[in-house]
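Please examine the sequence and the structure shown below. The paragraphs that follow consider how the copies of the chain are arranged, how one of them is folded, and how two of them meet.

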Number of protein chains: 4
Amino acid sequence: MSLKLGVIGTGAIGRDHIRRCSQTLLNSQVVAVTDINLEQAAQVVADLQLNAEVYADGHALIQSAQVEAVLVTSWGPSHEEFVLAAIAAGKPVFCEKPLAVTARGCRNIVEAEVAHGKRLVQVGFMRPYDQGYQALKAVIDSGQIGEPLMLHCAHRNPTVGENYNTGMAITDTLIHELDVLRWLLADDYVSVQVVFPRKTSKALSHLRDPQIVLLETARGTRIDVEVFVNCQYGYDIQCEVVGETGIAKLPEPSQVQLRSGAKLSNAILMDWKDRFIAAYDVELQAFIDGVRAGQVGGPSAWDGFAAAVAADACIEAQGSGQIVKVSLPDRPAFYG
Amino acid sequence: MSLKLGVIGTGAIGRDHIRRCSQTLLNSQVVAVTDINLEQAAQVVADLQLNAEVYADGHALIQSAQVEAVLVTSWGPSHEEFVLAAIAAGKPVFCEKPLAVTARGCRNIVEAEVAHGKRLVQVGFMRPYDQGYQALKAVIDSGQIGEPLMLHCAHRNPTVGENYNTGMAITDTLIHELDVLRWLLADDYVSVQVVFPRKTSKALSHLRDPQIVLLETARGTRIDVEVFVNCQYGYDIQCEVVGETGIAKLPEPSQVQLRSGAKLSNAILMDWKDRFIAAYDVELQAFIDGVRAGQVGGPSAWDGFAAAVAADACIEAQGSGQIVKVSLPDRPAFYG
Amino acid sequence: MSLKLGVIGTGAIGRDHIRRCSQTLLNSQVVAVTDINLEQAAQVVADLQLNAEVYADGHALIQSAQVEAVLVTSWGPSHEEFVLAAIAAGKPVFCEKPLAVTARGCRNIVEAEVAHGKRLVQVGFMRPYDQGYQALKAVIDSGQIGEPLMLHCAHRNPTVGENYNTGMAITDTLIHELDVLRWLLADDYVSVQVVFPRKTSKALSHLRDPQIVLLETARGTRIDVEVFVNCQYGYDIQCEVVGETGIAKLPEPSQVQLRSGAKLSNAILMDWKDRFIAAYDVELQAFIDGVRAGQVGGPSAWDGFAAAVAADACIEAQGSGQIVKVSLPDRPAFYG
Amino acid sequence: MSLKLGVIGTGAIGRDHIRRCSQTLLNSQVVAVTDINLEQAAQVVADLQLNAEVYADGHALIQSAQVEAVLVTSWGPSHEEFVLAAIAAGKPVFCEKPLAVTARGCRNIVEAEVAHGKRLVQVGFMRPYDQGYQALKAVIDSGQIGEPLMLHCAHRNPTVGENYNTGMAITDTLIHELDVLRWLLADDYVSVQVVFPRKTSKALSHLRDPQIVLLETARGTRIDVEVFVNCQYGYDIQCEVVGETGIAKLPEPSQVQLRSGAKLSNAILMDWKDRFIAAYDVELQAFIDGVRAGQVGGPSAWDGFAAAVAADACIEAQGSGQIVKVSLPDRPAFYG
């Protein structure tokens, strides 16, 4: 009765999802894997002692009668192709972010899914599955703080590697806020602006760090997100929602409180994996449960598209320094 | 390959463990149930849509070839009998607290298990599986606060029912601290004392509430535990370890911080089930994984015995108002 | 040996400063008062049992040989005139904010003081005298968080009266941040922008509330200040300084922590007077001590001018929605 | 109109009080000083540029017509003699703790004051003047937490010097709790017990550190106070009041919150002088204001006596390990 999964892409995140689906989650098994590097795919099968076949490529895997649902964890530019193929095959597909590397690509997936007539796609945005964000949304939705008017957010990493560039602050980092804040507010972005504070001396020369992204939603809520990926002190995700009658703040991770060396302190996490590890489990379990129940849910292809459109506007705003409109077409009724 | 479990006792906790083992945990299935009320047992099978047989009594269930491991969640006074029967049958057994209602009963189980020659028994103390206590133990064991000298603890419930009496403050409430603090400190109790503060007006007339239990360990660490089961404001578990160079405090559950109505606040839980629900999952998964790996671990029969001996001393100390010695025999090498 | 003070203006703040100087502070006495309403001035003398003369107007008071130093606490539009008169008389003068109602007026005072050749003017910005801001500045100046890159601030009031309008969010409310943040950073503003979030339903129709003011400094530090004067829940001043290696946050006022009614809470102040009352005492004592030592210090006429120039730019930015440059002339060497 | 003070004893605390009364407080001047070391007394007069006469001894100072009120800050064993002399002279006297080195000595002072017929004595217990304790008392008295049932307290110092011995944990350290908790609860102690945890390796060999003192009050409230004077990490005063419906905790000193080096932290004070410095100012100002108004208030000779009686019982309990009764005579009506 386990869901038979095929996984396309056995790099770091793919391998981690394979481990998750075969060892941690309920009612799933990985029966098929592939990768552009077939040796690596075979190695993962061996390492994790999977009873799984290695396929020649993603299309062969998708077509296999053994495979009931597909995980796409390959290189970003290949996502669109495999998701479209899964839709064509009528198979549920979980696609790691980004859904596609262009908004147009996301749109293609949306159109294919709508044409198919039933939801098949879940996008790998895990923050809506985080207990903290869920608790925050519950407070907002309860009306305890009135209508949300402003959000003050921060996304901070201790350091980033050499390959990280100014645009990736949007497409790799802010993208999580672009997704989760839409979900939190049940609202869409209408404009964005990016301002660059004085650059930290800790960033490499090619990277403008930190950045502040200012977003406006359709209902007029104003959001500021500090993106600071060389903050040194920790991996720190902040989100404060200012409502008409009160303010709700994303919980800090629970930690032992120490009194030591003239300080009252709590540890701050240094690694993003420690922060959201539980959310990854919940997210994929939700996909598996959804497929088994015949109801794919969670972040949709439309959500992936909306995030991509907003990200494109942010990239433009980085360049122009101006306020940039975010033009999202009307949401198809299909997406509720 | 799932572990086939038989469950003796389908009351509240039994039913919850059955749900857990059949719907939430990995690699387990409930194949057999029984209860002193057989109709209730049958009802649970029906409600949870189990593919399980209802046995006439616990002994029949234990003897069944279908049953690979046993969960004892029946009425406390019957625990000893069923655990001994499981040991006699050579089957791993998870027994909800108390292991037995007398220290003598616990001792009988210890002796039977030692005679058997291999660990079969895990006692249902779940706090060592709580992330907070594990984080606290990690800090202690890291040496960051030096050797522990004192512990200040509290176990508070909003209210208790009519049936709750003064002794149950030890056997039902403090028993969790008696277990987890031994584990936290890797130390044994040598004396106990109970003092009764002014009684709260919120307690029923037959109940002395709150109580303060003072414990001394073999290494000389001093522990005070406030037990206050009509504290009104919440279910609140506190544990502060004062070491030679610093203090570590059990994390508060992670909560949304609110600014509202002239207050900066975090919610306090009202229900104990919300506080330790995750620990129950981890505890039983550990039993299942342990049995499958041929290595039962976790709180042992000896731990159940040691807690019972300490509890007996506390009950005596409630009556006498004196400092009472805790006499635990030497730990058999069997228990490491 | 007490400093003999003359006070011009016996409204709420004037009366409070008279009480402070005659009953709370060291080495000062109020010997002269006046007000546009002379009866009110006489009443204050009677109420506070002062040994003080009521003068016909501010100029007569300034000229009086009895008066060694002047406090200007009259209606804002009259400040410039009285401060200039005090400078002309060579008398030290403490002027409540605003120093003058126009930047031009402030400039006139700066020029008169520079021409006089010695500092005589202290402006009534009290936040630099607040212990919390002083502690925050000490952390910044210690280098513990590296160079400041961003400041996230909030200035929130529970409610405001009918007379409060959109511009006053700058001139009456933000003005405190305009002063204290320059002092905190030892930096000047170079541009401002104002964005208007969705309006709270709790504000009167003529008032745009909340507002977010975005400031850029000469060194490139970016500041966002949320001004929200109908936030309902409390009087709440927040200031978080994000540096290259860490973040420092203005202390919350010290409060009893309560566990009660399923909440762990600390009170939030509702009245701004409770928040900064000690700072008012320290500020005026500093003026008195400064005058007695022949060294007027604290916020200078130049600081008053700089705040006025920035406020003017903010008002323009409220109207235009654009980024507005802040053009401050070079600081005279006179002001250090 | 300033109160003319004579100060007996110009050691550290005496010198500090002289500075306070001559430079910081309102309406006081130091006109007379003496010390067993007259050169030191003269030096203090010179250092602080006092217009004060050096007297040959405490009795001469007390008798001087110049002196309106007396501060006793000499060596503890001399307190009783000087306080009695001040009462005999009918002069108000502020006596640093201890009021006398024996309960009998305190009793003598009580009897002399009652015989005099009017309060003249204020004892130098400063904690009731601390804002934090005042806020805590306000919460208790408001009924927000119901009747107090238990107090959990701690008095921790980073280290102590060689001269500090086991008894001083009571007479020099716990004495502050013995005073302030009586005031906080408006209740008296009826029994005490002392338990000795495992000794810290950081204490010198002659000192038993830490200690836990258990107190019971007339109304049945139970208090535990951890006294730990080599805790290394800071000077840390904790007081948590558990009431029938909630818990109130003494505020932590207000501090900048830092995010830095994988830690979210607030500084803990290392020096007791930083913790209670403001309370010393308020305490002595209250004495000065009280004397000028003809109404000496604050901690009375009776309070000093009650603390001494409780301290004696604690010393006995240190030795015996038993629960020791605290026998306080009935409070004279004179003390309200």
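What rotation, and what shift along its axis, superposes chain C on chain A? In this predicted model, a rotation of 180 degrees with a shift of 0.0 Å along its axis brings chain C onto chain A, with an RMSD of 0.0 Å. That is the relation of a two-fold axis. The contacts follow the same pattern: 100% of the interface residues of chain C are also interface residues in chain A, so the two copies meet through the same surface.

Within chain C, an open sheet of 6 strands can be traced in the order S3-S2-S1-S4-S5-S6, with parallel pairing. Strands S3 (53-54) and S6 (121-124) of chain C stand at the edges; each has a single partner strand, so one side of each is left without a neighbour in the sheet. Elsewhere in this sheet, strand S1 (residues 3-8) of chain C runs parallel to strand S4 (residues 69-72) of chain C, and 4 bridges join the two. Here C:Leu5 stands opposite C:Ala69 in S4 of chain C.

Helices lie across these strands. Helix H1 (residues 12-24) of chain C lies across S1, S2 (28-34), S4 and S5 (93-96) of chain C, and runs at about 150 degrees to S2 of chain C. Helix H4 (residues 79-88) of chain C lies across S1, S4, S5 and S6 of chain C, running at about 170 degrees to S5 of chain C.

For chain A, an unreviewed UniProt entry annotates residues 137-326 as "domain: Gfo/Idh/MocA-like oxidoreductase C-terminal". Over residues 137-326 of chain A, the chain is 34% helix and 28% strand, and the end C-alpha atoms are 24 Å apart.

Chains D and A bury about 1,300 Å² between them, 55% of it on carbon and sulfur atoms. On the chain D side, D:Arg259, D:Ala262 and D:Leu264 lose the most area to chain A, together 43% of what that side buries. The count of salt bridges between chain D and chain A is 4. D:Arg259 forms a salt bridge with A:Glu252, in which the closest N and O atoms are 2.7 Å apart.

Key
Residues numbered from 1 in each chain as written. Chains lettered and ligands numbered in written order. Predicted model: local features only at pLDDT ≥ 70, side-chain atom pairs only at ≥ 80, totals over all residues. Heavy atoms only, no water. Least-squares fit on C-alpha atoms with pLDDT ≥ 70 in both. Contact = heavy atoms within 4.5 Å. Pairing = 2+ DSSP bridges. Axes fitted to C-alpha atoms, helices over the stretch in contact; angles between N-to-C directions. UniProt positions renumbered as here; feature names shortened; annotations may be inferred. Buried area = accessible area lost by both parts, 1.4 Å probe. Salt bridge = Lys/Arg side-chain N within 4 Å of Asp/Glu carboxyl O.
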